[in-house]
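Trainee: I am new to this structure and would be grateful for a guided introduction. May I put some questions to you?

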Amino acid sequence: MSDKKTLGEMLTERGVSRRSFLKYASYTASIMALPPTAATAIAQGIAGARRQSVIWLSFQECTGCTESITRAHAPSIEDLIFDFISLDYHHTLMNASGIAAEEAREQAMKDNAGEYIVVVDGSVPLKDDGIYSTIAGITNLQMLEETCKDAFAVIAVGSCATFGGIPGANPNPTGAVPISDIITDKPIINISGCPPIPEAMTGTISYLLAFGAIPELDHLGRPKAFFGEAIHDRCYRRPFYERGMFAKSFDDEGARQGWCLFEVGCKGPVTYNACATLKWNGGVSFPIQSGHGCLGCSEPGFWDMGGFYKPLSTATGDPLKWAGGAAVAGAAIGVASAAMARTKRNKVLKEGK
Amino acid sequence: MTRDSAAPCLSDRVTGMALSVFTEIGHLLETLADSGEPGSIDLRSLPLSDADRAQLEEALGHGEVRAELELVGESEVWETSYPGVWWIRHRGAGGKIATEEISICPIPQILITHPADIEAAASRLRKELETTHV
């Protein structure tokens with residue numbers, strides 16, 4: 001349950017210093033692409049906030065999103081988020097089960113009416129009255145509507161909750177829909193990805209805590225701090241793309257030399273996410289760095305876009321339709337920027353001569 | 001799949017980015033000297049290669065002050081050879097760098113004890129003295 005003390009008071013009693021808040025705030029400011037000077041305001045905001053009640057609902061999903069946010073490692077700065085929130089309901093992680101678990105959800109809703117955050121992973125089946133996924137004797141649809149009624153905000157995590165994901169892929173046998181198709185009267189933040197980057201989830205929650213407001217979102221309801229740039233724009237292999245140096249297969253010389261993976265199906269140019277900068281597994285790597293093209297998992301309909309190994313230019317689906325206007329516009333801007341950069345570079349070289 | 005060594009092929013190249021950051025630090029230091037207004041640069045947000053980072057660290061050098069902090073993982077703070085220019089490195093899971101910044105200021109906030117911590121310390125010490133009979 002939410003504590004009536006502020007997080008600053010609560011954690012000071014436990015020996016957590018304000019320096020730790022400031023360190024966490026510096027980390028949050030960095031991943032949210034805020035200026036480092038915002039760290040002091042974030043630290044003050046979090047220290048003055050109450051412990052945030054969070055109700056986590058899991059519907060048609062694989063638990064990969066939960067795995068992502070709770071990835072196991074030594075206690076560190078990234079774990080402080082679990083001191084800042086009160087995870088009042090999460091049927092995979094909580095000790096209680098059955099009636100006791102559902103009572104915990106109802107109690108949290110009652111105690112924190114209008115203030116709690118609902119996090120949802122998984123899509124919601126609507127076909128045949130939603131009978132394809134039920135929890136505690138009610139459909140996912142009923143649980144979602146009931147729980148979101150008095151929420152402050154809803155965070156849809158993972159591509160299933162944000163866009164329908166794999167359950168919603170063709171032929172979508174259960175009539176799976178994203179959360180935004182059902183909840184229309186609450187602020188919804190979409191954090192897509194299969195799974196989403198953990199920092200995108202924790203950073204967004206920290207922002208809500210520190211400022212009591214929703215971060216700036218893109219046209220798909222995703223925080224711009226994490227989804228504002230295409231993978232391609234921040235990819236370290238981008239220089240090879242500019243020079244037209246492409247791997248033609250996964251075992252050719254180009255692949256061994258680390259050339260651009262566009263022609264073996266990389267969807268980086270039309271995929272908006274922070275994998276190329278935040279990376280995965282504590283910053284170790286991301287798919288392209290490991291030699292595989294981006295699947296485009298954070299974009300709507302990624303499963304149906306025509307084949308993971310077909311280049312965007314030859315995919316059987318309609319990549320323009322698949323990627324959405326803004327994504328394509330972003331890619332076009334990227335290409336235009338590259339062309340301008342090349343022109344500028346050539347001019348500088350010419351003038352230098 | 002590509003061999004692993006193919007991946008970081010650009011990480012050991014000097015791109016010139018260090019010089020840009022160095023120049024920016026110069027502007028911010030002049031502002032601090034003229035008006036007292038502090039500034040910061042988030043190194044993580046910049047496309048610095050490992051070689052760029054090493055070049056920048058070498059160019060800035062190490063000054064008179066160095067602090068190691070033990071708070072939810074390790075942190076290191078040192079004043080560079082240019083007084084007023086501080087390098088702050090916070091480590092996260094597995095000792096990896098979580099965030100890193102150049103702070104241009106008289107003393108970084110992270111080194112200053114917060115009033116709430118001082119108050120809590122005074123309270124704790126008072127209780128300790130009440131139960132201690134020396």
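The questions and answers below concern a predicted model.

Trainee: In which order do helices and strands follow one another along chain B?

Mentor: The model is predicted, and its chain B has three helices and five strands. Read along the sequence, these elements give the pattern α-β-α-β-β-β-β-α.

Trainee: What percentage of the residues in chain B is buried?

Mentor: A residue counts as buried if 20 or more other C-beta atoms lie within 10 Å of its own. Chain B has 134 residues, and the buried share of them is 28%.

Trainee: Which elements of chain B each supply at least two residues of the side that touches chain A?

Mentor: Between the two chains, 34 residues of chain A are in contact with 30 residues of chain B. On the side of chain B that touches chain A, 13 residues are nonpolar, eleven are polar and six are charged. The elements that each supply at least two residues of this side are β1 (39-42), β5 (97-104) and α3 (115-131) of chain B.

Trainee: Which elements give two or more residues to the side of domain 1 of chain A that touches domain 2 of chain A?

Mentor: Chain A is divided into domain 1 (7-226) and domain 2 (229-352). Their contact takes 15 residues from domain 1 and 13 residues from domain 2. The side belonging to domain 1 has eight nonpolar, six polar and one charged residues. The elements giving two or more residues to that side are α9 (158-163) and α10 (198-211) of chain A.

Trainee: How are α2(A) and α3(A) oriented to each other?

Mentor: Helix α2 (residues 18-31) and helix α3 (residues 39-48) of chain A have axes 8 Å apart and pack at an angle of about 120°. Angles over 145 degrees count as roughly antiparallel and those from 65 to 115 as roughly perpendicular. The two helices α2(A) and α3(A) are therefore oblique.

Trainee: Is the crossing of α2(A) and α3(A) left-handed or right-handed?

Mentor: Residues making the contact include F21(A), L22(A) and A25(A) of α2(A), and I42(A), A43(A) and I46(A) of α3(A). By class, this contact has nine nonpolar, two polar and one charged residues. The crossing of α2(A) and α3(A) is right-handed.

Trainee: Is A230(A) buried or exposed?

Mentor: A230(A) is placed in the loop between α11 (224-227) and α12 (238-242) of chain A. A residue with 20 or more other C-beta atoms within 10 Å counts as buried. A230(A) has 24 such atoms within that distance, so A230(A) is buried.

Conventions:
Residues numbered from 1 in each chain as written. Chains lettered and ligands numbered in written order. Predicted model: local features only at pLDDT ≥ 70, side-chain atom pairs only at ≥ 80, totals over all residues. Contact = placed C-beta atoms within 7 Å. Helix = DSSP H or I, 4+ residues; strand = E, 2+ residues; numbered from the N terminus. Nonpolar A, V, L, I, M, F, W, Y, C, P; charged D, E, K, R; others polar. Axes fitted to C-alpha atoms, helices over the stretch in contact; angles between N-to-C directions. Parallel < 35°, antiparallel > 145°, perpendicular 65-115°, else oblique. Left-handed = near helix turned anticlockwise from the far one by under 90°. Buried ≥ 20, exposed ≤ 12 C-beta atoms within 10 Å, placed from the backbone. Domains from an automatic or database assignment.
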